[in-house]
Amino acid sequence: MALKVRNAVSRVVPGRRVTPPGKRGLIVPFFGPAARRRRAAPTAQRSPFIVESGDLAVRLAQTDADIDAAQTLRFKVFYEEMTARPSPAIAAAERDFDRFDPYCDHLIVLDQRLGSGPSAIVGTYRLMRRDAAARIGRFYTQDEYNIRKLLRGGRQIMELGRSCVHLDYRRHHTMQMLWRGIARYVLHYNVKLLFGCGSFPGADPEAHALPLSYLHYEHLAPLALRPKALRSRYVEMRRMGREHIDSKKAIAALPPLIKGYLRLGGSIGDGAVIDPEFDTVDVCIVVRADGVTDRYMKRYSRDSEALAS
């Protein structure tokens, strides 16, 4: 889940969001991926989604250019810094995009010293709620995991994905900003469960035998919520006996994003999945929204009350 937010007050002029290359002109509104419609002039209104702290601000993407810049950042991180393998279309565009992007909200962090537009974007997270997934027919995670237990009932659930931060901004403050934005979003839409895929670099599960085994033994999701890797893609996480697990070493070997989810009370699905496109071993993570509470929600409830007064 992979899988970011901040303090202070907020103001916003909502904009519009578009589809990937080849479908410009089709748009979905700023507040969540509602049905596509023809472009309308944006209306000024206040929003709970801009949070500022120091030089950084977090907000939802408002324009085509914002989305393009977030996708460009994703390309630089996933395909240039890391070892993901781009399709010809992605390589030509030098942007990471897929069929889910038009249905998602894109949370972005900006360095305000660089301005307030796309050139200032230094971090991003992709957010997809249940109603948005219904429009495209599935969540991205369902390409790897059976999540039918998460889909039961009418509660609002949200998928987190495509998390990345510019190399020069990979510090605690930037991630805190993203998570503060997520907290605001969760409050606004009354989200009850967050989930998504967290990744280990490199597609060899044996290279991650210790942390994968540790996650299986110590952090499996409750059975009533537990996703399970699709049978055709299932990779056993239990690669070592429990008696051989050194918890401190296992935790140290976890990717920072997965560690962050565990700190928020996150738990892990059954089975890992190899993602050949991104050259990763993935695990599915589930976080109850109230796990994001004490450090984020209470603070932003106070902010919301201040904004309403």
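Tutor: One definition to begin with: rings of Phe, Tyr and Trp (its six-membered ring) form a pair if their centres lie within 6.5 Å. Keep in mind that this is a predicted model.
Student: How many aromatic pairs does that rule give?
Tutor: The count comes to eight aromatic pairs. One of them joins Phe78 and Phe278, with 5.6 Å from centre to centre and 85° between the planes, which makes the pair edge-to-face.
Student: Where do Phe78 and Phe278 lie?
Tutor: Phe78 is in helix α1, and Phe278 is in the loop between β12 and β13, so the pair ties together parts that are 200 residues apart in sequence.
Student: Are they buried or exposed?
Tutor: Phe78 is buried, at 9% relative accessible area, and Phe278 is buried too, at 12%.
Student: What about helix α1 itself, how many residues has it?
Tutor: Helix α1 has 18 residues, 64-81, and reaches 25 Å from its first C-alpha to its last, close to the 26 Å expected. Its buried residues include Ile67, Leu73, Phe75 and Tyr79.
Student: New topic. Which residues have the most contacts inside the largest nonpolar core?
Tutor: Those are Tyr125, Ile182 and Leu194, in a core of 46 residues. Helix α5 gives the most to this core, with eight residues. Apart from it lies another core, of 39 residues, with Phe75 and Cys197 among them.
Student: Back to α5, then. How many of its residues are buried?
Tutor: 13 of its 18 residues are buried, so α5 is mostly covered. Just after α5, Asn190 takes a positive phi of about 55°.
Student: Which tyrosines in α5 lie four residues apart?
Tutor: Tyr185 and Tyr189, about one turn of the helix apart. An α-helix has 3.6 residues a turn, so residues three or four places apart point the same way. Tyr185 is buried, with a relative accessible area of 0%, and Tyr189 counts as buried at 17%.
Student: What sits over the ring of Tyr189?
Tutor: The charged end of Arg129, 3.7 Å from the ring centre. The charged end of Arg126 sits over another ring, that of Tyr140, 5.7 Å from its centre.

Methods
Residues numbered from 1 in each chain as written. Predicted model: local features only at pLDDT ≥ 70, side-chain atom pairs only at ≥ 80, totals over all residues. Heavy atoms only, no water. Helix = DSSP H or I, 4+ residues; strand = E, 2+ residues; numbered from the N terminus. Expected span 1.5 Å × (residues − 1). Buried < 20%, exposed > 50% of the residue type's maximum accessible area, 1.4 Å probe, protein only. Core = buried A, V, L, I, M, F, W, Y, C linked by side-chain atoms within 4.5 Å. Phe/Tyr/Trp six-rings, centres within 6.5 Å; stacked < 30°, edge-to-face > 60°. Lys NZ or Arg CZ within 6 Å of the ring centre and 35° of its normal.
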